[in-house]
Amino acid sequence: MRDDSQAMAIEGVRFFGEMSASISHEIKNVLAIVNENAGLLQDMVMMIEKGMPLSPERLSGLARSIVRQVKRGDRIVKDMNRFAHSTDHPSETVDIGEVIHFISVLAARLIAMKGEPPEIDVPATPITAVTNRFFLEDLVWTCLCRAMDARAPDQTVCIVAEKAGNAPRIRFCGLSGDCLASGTGFPSPRETMVAGLLGAQLKADKDKGEIVLILP
Amino acid sequence: MKERVLLVDDEVEFLEIMAERMRARDMEVTTSTSATEALSLIAAESYDAVIMDFMMPEMDGIQALKTIKEKRPEMQIILLTGHATVQKGVEAMKAGAMDFVEKPADLDALAKKIKKAHHQKAVIVQKQSQDKVIEALRKFGM
């Protein structure tokens, strides 16, 4: 394996691991709620055995809660499966807006830990690029993390998908210029490597307070 | 005496059901959906055990744990998480957590840990009172 291929493989596994850890946390949360519902049902059985009355409405509420969590778990596993299939093709036609939405959903908990969720502005007509879906997801996530960390005070990060001439472009706006100034390590060697793999340009505009990702 | 518990998790359904089951076991339970809100509650009230998720919006569990331990060293913190790795567990214990429990948790096992937390907190509070008395006596040259 050439050095850059090895670095790419390591980066791919790192990103896959980060997302998988977040997804497994969400699944555990679903299981924890189902577990508590089961525990509460057992508590109720003990109450009935002691002669205490039980409301059918209360039981119905527990059943509804379990159904809700099963549906939630199903959504999470579907997203996980979709993410796993991101690696299927080395190159394919990708809807940029769909990738932005998908990463925002997949990493919702990690995003929430960084603050207010970003606003997403994508046009009604899909903007597409022929690229590697998995590494585009990786780069969108990396840029979003950068953007959340560099968010300007009292501003919401906004992700805009648009066309710049013929090239698909993603802008991460609402950032503090100071956080994007030279010397802040942007783009990192890892970000440069992934952008290079996609043939993309990755720039920070500190005057406009935005990170710009231009795809070929 | 009832154990006083602060339960912190951003999963509202989990909080509500867990709190109901704990109250049925004669515990006094306060709930909070964010670490920031929990820190305000802790500043105003005393709890035997704070049970909180590791990954929450605004502030992660380790950061919240360190802040609580700085302000209220007597409070016992049990981290409850879906992300149970040995590394995280060690990190939590080093930061002062009393225990580290994986979700989904067994409430009866957790209740035993809460009783232990209640006892440990009482020992620390008693020690803090004794230290204050010794310090006061020292000031008077005794």
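Predicted model: local features only at pLDDT ≥ 70, side-chain atom pairs only at ≥ 80, totals over all residues.
Which residues in α5(A) meet which residues in α7(A)? I started my notebook there. Phe135(A), Leu136(A), Asp138(A), Leu139(A) and Thr142(A) are on the α5(A) side, and they meet Glu191(A), Val194(A), Ala195(A), Leu197(A) and Leu198(A) of α7(A). Contact here means C-beta atoms, placed from the backbone, within 7 Å. Helices are DSSP runs of H or I with at least four residues, strands are runs of E with at least two, and both are numbered from the N terminus.

Residues are numbered from 1 along each chain as its sequence is written, and chains are lettered from A and ligands numbered from 1 in the order in which they are written.

**Entry: helix pairs in chain A**

I sorted the contact of α5(A) with α7(A) by class and got seven nonpolar, one polar and two charged residues. My classes put Ala, Val, Leu, Ile, Met, Phe, Trp, Tyr, Cys and Pro under nonpolar, Asp, Glu, Lys and Arg under charged, and the others, Gly among them, under polar. These two helices pack at an angle of about 140 degrees, with axes 10 Å apart. The axes are lines fitted to C-alpha atoms, for helices over the stretch in contact, and the angles run from 0 to 180 degrees between N-to-C directions. I noted the crossing of α5(A) and α7(A) as left-handed; that is the word if the near helix is turned anticlockwise from the far one by less than a right angle, and right-handed is the word if clockwise.

Then I looked at α3(A), residues 96-106, against α5(A), residues 133-149. Their angle is about 60 degrees and their axes are 10 Å apart. This crossing is right-handed. Val99(A), Ile100(A) and Ile103(A) from α3(A) meet Leu136(A), Glu137(A), Val140(A), Trp141(A) and Leu144(A) from α5(A). By class that makes seven nonpolar, no polar and one charged residues.

**Entry: where the chains touch**

I counted 16 residues from chain B and 18 residues from chain A in the contact. Helix α1 of chain B, residues 12-24, gives the largest share of the chain B side, seven residues. That side has eight nonpolar, two polar and six charged residues.

I also checked Arg109(A), which lies in helix α4 of chain A, residues 108-114. Leaving aside neighbours within four places in sequence, Arg109(A) is in contact with Ser22(A), His25(A), Glu26(A) and Met55(B). Arg109(A) has 17 other C-beta atoms within 10 Å, so I put it down as partly exposed. For that label, 20 or more such atoms within 10 Å make a residue buried, 12 or fewer make it exposed, and anything in between is partly exposed, with C-beta atoms placed from the backbone.

**Entry: inside chain B**

Which residues of α3(B) are buried? They are Gly61(B), Ala64(B), Leu65(B) and Ile68(B). They cover an arc of only 105 degrees around the axis, so they sit on the same side of α3(B); the arc is that of the directions from the helix axis to the C-beta atoms. They pack against α2, β3, β4 and α4 of chain B.

Next I went to the largest nonpolar core, with 43 residues. A nonpolar core is a set of buried Ala, Val, Leu, Ile, Met, Phe, Trp, Tyr and Cys residues joined through C-beta atoms within 7 Å. Val5(B), Val50(B), Ile51(B), Ile77(B), Ile78(B) and Leu79(B) touch the most other members. Apart from this core lies another, of 37 residues, including Phe15(A) and Ile170(A).

I found a cis peptide bond joining Phe186(A) and Pro187(A), with omega about -10 degrees. Pro187(A) is in the loop between α6 and α7 of chain A. The bond from Lys103(B) to Pro104(B) is cis too, with omega near -5 degrees, and Pro104(B) lies in the loop between β5 and α5 of chain B.

Asp154(A), which is not a glycine, has a positive phi, near 60 degrees. I located Asp154(A) in the loop between α5 and β4 of chain A, and it is exposed, with 6 other C-beta atoms within 10 Å.

Methods: Contact = placed C-beta atoms within 7 Å.
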